[in-house]
Amino acid sequence: MYDLTIVIAAAAAALIAGLAAGLLIGRRSSPAGQKHREVERKLDQVLQDKKVYEDEVVEHFSETAQLLNQLTSSYRDVHNHLAKGASDLCQGKGPVAMVNAASQDPAEIPANLADIQQPLDYAPKTSPDEKGMLNEEFGLDRTATAAEESPTVPPRV
């Protein structure tokens, strides 16, 4: 009927296929495989939660920026309203100087802010002979101290 080599080859192929299927089923059902899948599932969940959180943060700060822009615009409108009312009501006689911010280019830096220097960490000298703030005798009047000490010292004999 069948040749012996065909039967042996079919049995060997079935044995190899059975071993491969058993190995795969064994790995899937083993505690280590289940633990590995559980860790992967948790990692995916954490990554999804992180992405949702990042999206919420971006949305929050975008909305905050929009609300601050609206607030700035509202303050500007209130200031312009008050300045216009003061100018109209005082008929130009009051100390109100209305600057129309709408007519200026918002990218242009005002002249009073254009020349900015960094703050100094020392008091500048008014003359070159003056002792600077870092001098150990700064603020001490040595002539007055010497005059006070000399009468109190008794003469030696």
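This is a predicted model: local features need pLDDT of at least 70, side-chain atom pairs count only at pLDDT 80 or more; totals for chains, interfaces and linings use all residues.
From the N terminus on, the elements of the chain run α-α-α-α. Residues are numbered from 1 along each chain as its sequence is written, and side-chain values use heavy atoms, with hydrogens and water left out.

**Confidence**

- The mean pLDDT of the chain is 80, pLDDT being the predictor's confidence in each residue, from 0 to 100.
- Residues that reach 70 or more make up 76% of the chain.
- Among the elements, H2 has the highest mean pLDDT (92), and helix H4 (residues 142-152) has the lowest (60).

**Helix H2**

- Helix H2 covers residues 31-90, which is 60 residues.
- From its first C-alpha to its last, H2 reaches 87 Å, close to the expected 88 Å; the expected span is 1.5 Å times one less than the number of residues.

**Surface**

- Of the 157 residues of the chain, 2% count as buried (buried means under 20% relative accessible area, exposed over 50%, partly exposed in between, with a 1.4 Å probe and protein chains only).
- The accessible surface of the chain is about 14800 Å², and 61% of this belongs to carbon and sulfur atoms; areas come from the Shrake-Rupley method with a 1.4 Å probe, and for residues only the protein chains shown count as cover.
- A nonpolar patch on the surface is formed by Tyr2, Leu4, Val7 and Ile8, with about 460 Å² of accessible area together.
- Patches are made of residues with over 30% relative accessible area and no salt bridge; like charges are joined within 9 Å, and nonpolar side chains (Val, Leu, Ile, Met, Phe, Trp, Tyr) within 5 Å.
- Leu4 is found in helix H1 (residues 4-29) and counts as exposed at 58% relative accessibility.

**Salt bridges**

- The structure holds four salt bridges, each a side-chain nitrogen of Lys or Arg within 4 Å of a carboxyl oxygen of Asp or Glu.
- Glu38 pairs with Arg41, with the closest N and O atoms 2.5 Å apart; both lie in helix H2, three residues apart.
- Asp55 pairs with Lys51 at 3.4 Å between the closest N and O atoms, and these two are four residues apart in helix H2.
- Lys84 pairs with Asp88, the closest N and O atoms being 3.2 Å apart, again four residues apart in helix H2.
- An α-helix has 3.6 residues a turn, so residues three or four places apart point the same way.
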